[in-house]
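Let's take a walk through a protein fold together. Have a look at the model first, and then we'll go through it piece by piece.

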Amino acid sequence: MKLIQNTWVIALLSAAIIFTSSAVGAQGYAEDLLSRVRAAASSVPGPLAESIGFAKVAESHRPYSDIIEGGSDELFISARSAYQLRFPNGTIMLDSGMDEEVHTYYGFGRIEPYWQETNNLLQQALLDAQKILITHEHGDHVAGVVRSPNRDELAAKTLLTEAQLETLTMRPQLPQIQISPELASKFIVLDYQDILPVAPGIVLIKAPGHTHGHQMVYAQLSGDREFLFIGDIGWSLDNITKLQLRPEGTIARIGEDPEALMQQMIWIKDRMDQDGLIVIPSHDDLLIKRYVAEGILEDSLVIQ
Ligand SMILES: [Zn+2]
């Protein structure tokens, strides 16, 4: 009887491993993931993106101890931004910024910088774009689409995963970003196993942990530069380089899966150290400024 029970346990464990290996489970990403991502990146014909711009619509100011376990009381500036992948024949937007009401929600009563003019420009860039990708279903990434005065037009070219859509319809992070069944029907909704090429050089990589629908975006640019947009897996590049999660209280507040996040961070660090990928966390203001100074990113949006 004991033997049978053990066999069952092994069978169940195997099933769990098969179930989670598609994205990232306790054992981490597969060894060959980057080579599969690179192959997928070249599977969509067409010229690669040539440059990347961004717009910062707001800042939030937090003690560094909110960002990383064991961090000091020093100020950490979190940039609330959206990115623009610029192809010779058009643009793809990555995330969408947010309006001031959603920004205010995240201030928890504090008044923090918000630039309305920049968000207006970002709204224009979203209208101009051929496609909109969303790293995850939190308000500071998706509100620029779901609360836009042009939401129907934007939804028609926005790719949402089933997990992202489910959260936004059933249990949104804040009531203001809940989307109705009618609006939900206007999005391009997709699901995929672990990676999905969506444009020349651009590949989605499933990365649930910060949220259920979280994904990374790999971008190969002309000139062989490779970028990895890691969304909110870490708010600071320090989370990755030090392999240090957010503090426990923050993890609990967000409802994150710390094991999955750690496996993702290990993979990202390896890709940075061993393969030279340029890693971009959504919110690391200091790092983004450094990338601008180094000519890696442009602090601007191209409007047609
Ligand atoms: Zn965020």
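Start with a sheet. Six strands line up here as an open sheet, in the order E1-E2-E3-E4-E5-E6, and the pairing among them is mixed. At the edges you'll find strand E1 (51-63) and strand E6 (188-190), each of which pairs on one side only. Going from one strand to the next, the twist averages 25 degrees. By the way, keep in mind that what you're looking at is a predicted model.

Now zoom in on the pairing of two of these strands. Strand E3 (residues 90-94) and strand E4 (residues 131-133) are paired in the parallel sense, with 3 bridges between them.

Next, follow the chain into the loop between E3 and helix H3 (100-106), where Asp-95 is found. Most residues other than glycine have a negative phi. Asp-95 isn't a glycine, yet its phi is positive, at about 70 degrees. Is this residue buried or exposed? Asp-95 counts as buried because it has 28 C-beta neighbours inside 10 Å, and the cut-off for being buried is 20 or more.

Time for the other sheet. This open sheet has 5 strands in the order E7-E8-E9-E10-E11, again with mixed pairing. Its edge strands are strand E7 (195-199) and strand E11 (278-281), and each of them pairs on one side only. On average, neighbouring strands in this sheet are turned by 25 degrees against each other, if you ignore direction.

Here, too, you can pick out a pair. Strand E8 (residues 202-206) and strand E9 (residues 215-220) run in the antiparallel sense and share 5 bridges. Look for Lys-206, which stands opposite Gln-215 in E9.

Between E9 and strand E10 (226-231) there's a loop, and Asp-224 lies in it. Asp-224 has a positive phi near 65 degrees, and this residue is not a glycine either.

Let's look inside now. The largest nonpolar core has 67 residues. Those with the most contacts inside this core are Leu-85, Leu-94, Val-217, Tyr-218, Leu-228 and Phe-229. Take Phe-229 as a case to explore: leaving out residues up to four places away in sequence, Phe-229 touches Tyr-83, Leu-94, Thr-135, Met-216, Val-217, Ala-219 and Ile-280.

Finally, zoom out to the whole thing. The protein has 12 helices and 11 strands. Of its 304 residues, 41% are buried. Along its principal axes, the C-alpha trace spans about 70 × 50 × 45 Å. How does its radius of gyration, 19 Å, fit with a compact globule, and why? The two agree, because a compact globule of 304 residues would have a radius of gyration near 19 Å.

Notes: Residues numbered from 1 in each chain as written. Predicted model: local features only at pLDDT ≥ 70, side-chain atom pairs only at ≥ 80, totals over all residues. Pairing = 2+ DSSP bridges. Helix = DSSP H or I, 4+ residues; strand = E, 2+ residues; numbered from the N terminus. Axes fitted to C-alpha atoms, helices over the stretch in contact; angles between N-to-C directions. Buried ≥ 20, exposed ≤ 12 C-beta atoms within 10 Å, placed from the backbone. Core = buried A, V, L, I, M, F, W, Y, C linked by C-beta atoms within 7 Å. Contact = placed C-beta atoms within 7 Å. Rg over C-alpha atoms; globule rule 2.2 N^0.38 Å.
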